[in-house]
Amino acid sequence: MSSSSFPIASGPLARRQRRRAVISYGDRQVVVGGGAPVMVQSMTNTDTADAIGTAIQIKDLARAGSEVVRITVNSPEAAAAVPAIREQLDRMGVDVPLVGDFHYNGHTLLNDYPDCAQALSKYRINPGNVGKGAKRDTQFAQMIEVACRYDKPVRIGVNWGSLDQALLARIMDENAQRKEPWPAQAVMYEALVTSAIENAQRAEELGMDGNKIILSCKVSGVQDLIAVYRELARRCDYPLHLGLTEAGMGSKGIVASTAALSVLLQEGIGDTIRISLTPEPGGDRTREVIVGQEILQTMGLRKFTPMVIACPGCGRTTSTVFQDLADKIQTYLREQMPVWKGVYPGVESMNVAVMGCIVNGPGESKHANIGISLPGTGESPAAPVFIDGEKRMTLRGDRIAEEFQSIVLEYVQSHYSKQTAA
C-alpha cells in the first residue's frame with residue numbers, strides 16, 4: 001500500500017447547522033447551536049429550598065466546569081429560594097447561568113414568583129408533565145408567556161418516562177391505520193420526536209422566538225437514544241440537548257452515556273450534553289461534569305484540562321509508583337485549571353505522559369509535551385523526563401513525584417503565560 005493511499009483518521013463530522021440560542025446571566029453568555037462548541041451542563045441534587053446548600057453545590061459544579069447548572073423548582077419554597085440562590089452565587093463570584101426545572105406546577109410557580117422567573121436564565125419544560133386534558137394547553141401557554149415576558153430561552157424536554165399520553169394515544173391510533181403498522185418501539189420513537197417538535201411549534205405560535213428554543217428527547221437505552229436523535233436532527237433545526245436519562249451508577253452510567261453520546265457527537269448531532277450519573281453513596285456530584293468534559297475532549301471536540309496519558313500496567317510494572325504519580329498529576333492539573341485557564345491560555349491543550357516501564361515509556365513520553373518513564377521491575381531506579389520530545393533530565397530517589405510536579409508547573413509557566421502568548 002502506497003503512503004498516498006493510506007486512510008487518514010478523520011475527526012467528528014461538522015456540527016449540523018442549527019439555530020443559535022443564547023443562555024446568559026450578567027456578562028456570562030453560553031451560546032447553544034449555530035456552530036458553537038458543545039456545552040457541558042449539570043444539575044443539582046440538593047433541596048432547592050435550602051438556598052445556601054444549593055448555592056454551594058452550584059459553585060462546586062461551576063468550578064468543575066459546568067457551563068450551565070439546572071435546579072429543581074418544584075414547590076413555593078423552592079421558587080422563593082431561587083433569588084436568594086442567585087444572590088449568594090453573585091456574592092461568591094459565580095456567574096454560571098441557572099436553569100429552572102419545572103413539572104406539574106411550573107405555570108403557577110412562574111406566575112406567582114416573578115423574582116424566581118427573572119432570576120433564572122432559562123426554563124426547562126416537560127410537555128408530558130404540564131397538565132392533562134383541557135388544562136394542558138392552557139398551562140403550557142402560561143409558561144411560554146412568562147418566558148416571553150422575561151425574554152428567557154426554554155428547553156422543551158421530552159422524556160419517555162413521562163410522555164404526553166394523549167399524544168401517544170393519537171400516534172398509536174395513526175399507526176393502527178397503517179397497512180403495515182410499525183412495531184411498538186418505533187411508535188414510541190415517533191411519539192417522542194413528534195412531542196418535541198409540535199410543542200416547539202406551539203411555543204412559536206404563542207409568540208416565542210424560535211431562536212430561544214432548545215429540544216431534548218431523553219431515553220435510557222443507548223440504541224434508543226441514537227435512533228431518536230438521528231430522527232429529531234433530521235426533522236428540525238432547533239439546538240439539541242443530549243443526555244441518556246437515568247444512565248445509572250458508576251462505570252455502567254459512564255460507559256452507557258459515552259457509548260450513546262459519542263456516536264451522535266461523531267455525526268455532528270448535539271449542542272449541549274449532560275451525563276446523568278447516579279452518585280455513589282457519598283459520591284461527588286461533580287463527577288458528571290468531569291465525564292462530560294472528558295467525552296468531548298477525548299473526541300477532539302473541546303479542550304478543558306491537560307490530559308494525562310498513562311499505561312495500564314502489566315507484569316513489568318509491579319511497582320505502584322507510576323499509578324500513584326499518574327493519579328497525583330491528573331488531580332493536580334484538574335485542581336489548578338480554575339486558576340490556570342485565566343492565567344495560562346492554551347494550557348488545556350497540554351499532554352502529560354506517566355509511563356511505567358521501558359517498553360513504551362520513553363517513546364510515549366516523547367509524544368507528550370512532558371513525559372516521564374518510571375522504572376519497571378528489574379530496571380535501573382531512574383526516571384528519564386522528556387520535554388517536547390527531548391530527554392532533558394533523569395529523576396532519582398524518593399521525591400520523584402514532587403520533582404516531576406515542579407517540572408510540570410515550570411513548563412506551564414514558561415510555555416503558556418499571557419506574556420509568552422503575546
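Modeller: Here is the setting, then the sheet, then a second pair of strands for context. Keep in mind that this is a predicted model.

The setting comes first. The protein chain has 422 residues, and 51% of them count as buried. It holds 14 helices and 17 strands. Its C-alpha trace spans about 80 × 60 × 45 Å along the principal axes. Take the contacts between residues at least 6 apart in sequence: 66% of them join residues at least 24 apart. The chain exposes about 19300 Å², with carbon and sulfur atoms supplying 50% of that area. As for charge, there are 44 positive and 46 negative side chains. The centres of these two sets lie 3 Å apart.

Now the sheet. It is open and has five strands, in the order β13-β14-β15-β16-β17. The pairing is mixed. At the edges sit β13, residues 307–310, and β17, residues 390–395. Each of these two pairs on one side only. On average, neighbouring strands of the sheet are turned by 20° against each other, direction ignored.

Look inside the sheet next. Strand β15 covers residues 370–373, and β16 covers residues 383–387. The two run antiparallel and are joined by three bridges. At one spot in this pair, I372 stands opposite V385 of β16.

Helix α11, residues 321–343, lies across β13, β14 and β15. Its direction is at about 160° to β14, which is the stretch 351–355. Helix α13, residues 400–415, lies across β14, β15, β16 and β17. This helix runs at about 165° to β15.

Finally, for context, turn to another part of the chain. Strand β3, residues 39–43, pairs with β4 in the parallel sense, over three bridges. M43 has R70 of β4 as its bridge partner. Why is β4 described as largely enclosed by the rest of the structure? The strand spans residues 68–72, and four of its five residues are buried, so the rest of the structure largely encloses it.

Technical notes: Residues numbered from 1 in each chain as written. Predicted model: local features only at pLDDT ≥ 70, side-chain atom pairs only at ≥ 80, totals over all residues. Heavy atoms only, no water. Buried < 20%, exposed > 50% of the residue type's maximum accessible area, 1.4 Å probe, protein only. Contact = heavy atoms within 4.5 Å. Areas by Shrake-Rupley, 256 points an atom, 1.4 Å probe, with all protein chains shown as cover. Lys, Arg positive; Asp, Glu negative; His and termini not counted. Charge placed at Lys NZ, Arg CZ, Asp CG, Glu CD. Pairing = 2+ DSSP bridges. Axes fitted to C-alpha atoms, helices over the stretch in contact; angles between N-to-C directions.
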